[in-house]
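Take a look at the structure below.

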Amino acid sequence: MSEQGTSAPAPAGPTSRSEQSGADRSWTVLELLRWTTDYFDRVGIDSARLDAEVLLAHALEIDRLRLYLDYEKPVLAEERDRFRALVKRRAQERVPVSLLLGRREFWSLELRVTSDVLTPRPETETLVEAGLSKLPDPGSRARILDLGTGSGAIALSLASERPQAEITATDLSKAALQIATENADHLRIGERVRFVVGDLFEPVAAERFDLIVSNPPYVARDAARSLPPELAHEPEMALFAGCDGLDVIRRLIAEAGEHLSPGGWLFIEHSPEQVETIEQELTRAGFEEVERRFDLARRPRVVGARWSKQ
Ligand SMILES: C[S@@+](CC[C@H](N)C(=O)[O-])C[C@H]1O[C@@H](n2cnc3c(N)ncnc32)[C@H](O)[C@@H]1O
């Protein structure tokens with residue numbers, strides 16, 4: 001990381017003494033984008049150009065694609081101040097873009113996100129697809145459980161695709177469930193999803209479901225030091241699960257059979273290197289028809305299995 005990345009204020013356009021005359025002049029959209037992309041590159045942000053575009057569009061309160069039509073347009077001083085504040089937090093505090101905007105799109109749904117929830121990731125759409133593949137009838141009245149719902153991303157996506165299904169979403173974090181409930185209400189599907197707080201299956205103790213999906217915490221505690229700095233802005237409870245990252249998944253697999261109807265399916269998201277261990281745990285617990293699903297980068301990302309016992 002360059003010195004500028006750790007200590008210089010992010011000016012979103014030059015402000016150093018030698019560049020002062022440049023700071024006073026007006027900046028066009030394209031100039032600001034170039035300057036910021038270069039700055040983000042230098043501090044080690046992977047998606048430098050995209051982040052610059054998304055933040056500038058947010059500061060200007062326009063759609064990102066509109067930037068391309070406005071390349072030569074001068075940016076007003078107050079707009080640039082707004083942009084500068086965002087650029088600074090992105091580069092120096094490594095706050096993820098989703099948290100700077102307070103929202104993230106998932107499965108074409110716009111979700112509010114805060115530091116109380118994990119920002120939903122594109123690979124989690126693999127889990128939604130896997131669940132839907134076992135409920136092919138759009139009018140399905142299946143009972144579905146989303147364990148560790150966070151922002152509600154998975155439960156709300158399933159609710160949007162299977163409007164007759166009976167959906168329950170749980171989380172150990174009350175603060176996360178508050179955001180999930182707000183998201184459900186905002187999307188006008190609040191009355192179709194039941195949110196309950198508690199540890200794994202404890203809030204649904206005597207219930208059975210046709211489909212259980214979960215993106216649980218699965219990062220190994222030891223990996224914390226080598227993670228991207230952006231993850232420091234997400235809840236620890238959403239990320240870490242013991243020394244090999246499998247603490248929650250092991251408990252989930254051991255208890256899931258008691259909560260599945262005969263023939264019901266369990267799908268779990270995981271990190272690619274955990275796939276074989278999870279498959280073995282599922283078989284050992286009595287599951288059948290164990291299957292893998294791959295994310296867009298073709299890495300194993302989700303394992304599913306069928307519960308055929310009573
Ligand atoms: C990786 S995040 C997934 C959030 C969301 N489902 C998504 O895919 O974006 C894991 C979630 O599980 C919750 N969680 C962690 N341990 C839990 C437990 N023992 N019981 C219930 N929820 C738990 C966390 O609070 C967090 O919201």
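**The ligand and its surroundings**

A polar backbone atom of L172 lies 3.2 Å from a nitrogen atom of the ligand. This is a predicted model. What share of the ligand's own exposed area does the protein bury? On its own, the ligand exposes 590 Å², and the protein buries 95% of that.

Where does the ligand sit? Around the ligand are 18 residues. The closest are G148, D171, D199, L200 and N215.

G148 places a backbone N or O atom 2.8 Å from a nitrogen atom of the ligand. D199 uses its side chain: a polar atom there lies 2.7 Å from a nitrogen atom of the ligand.

Now turn to the aromatic rings. How many aromatic pairs does a search of the whole structure find? The count is five. Consider Y68 and Y71. Their ring centres are 5.7 Å apart and their planes meet at 65°, so this pair is edge-to-face.

Elsewhere, look for W35, Y39 and F40. These residues make up one aromatic cluster.

Charged side chains meet rings too. Which residue has its charged end over the ring of W265? It is K134, at 3.9 Å from the ring centre. R143 lies over the face of F209. Here the distance to the ring centre is 4.9 Å.

How values were computed: Residues are numbered from 1 along each chain as its sequence is written. This is a predicted model: local features need pLDDT of at least 70, side-chain atom pairs count only at pLDDT 80 or more; totals for chains, interfaces and linings use all residues. Side-chain values use heavy atoms; hydrogens and water are left out. Rings of Phe, Tyr and Trp (its six-membered ring) pair if their centres lie within 6.5 Å; planes under 30 degrees apart count as stacked, over 60 as edge-to-face and the rest as tilted. A charge sits over a ring if NZ of Lys or CZ of Arg is within 6 Å of the ring centre and within 35 degrees of the ring normal. A residue is near a molecule or strand if one of its heavy atoms lies within 4 Å of it. A polar contact is a pair of N or O atoms within 3.5 Å; within protein, one must be able to donate a hydrogen and the other to accept it, and residues adjacent in sequence count only if both atoms are side-chain atoms. Accessible areas come from the Shrake-Rupley method with a 1.4 Å probe; for residues, only the protein chains shown count as cover.
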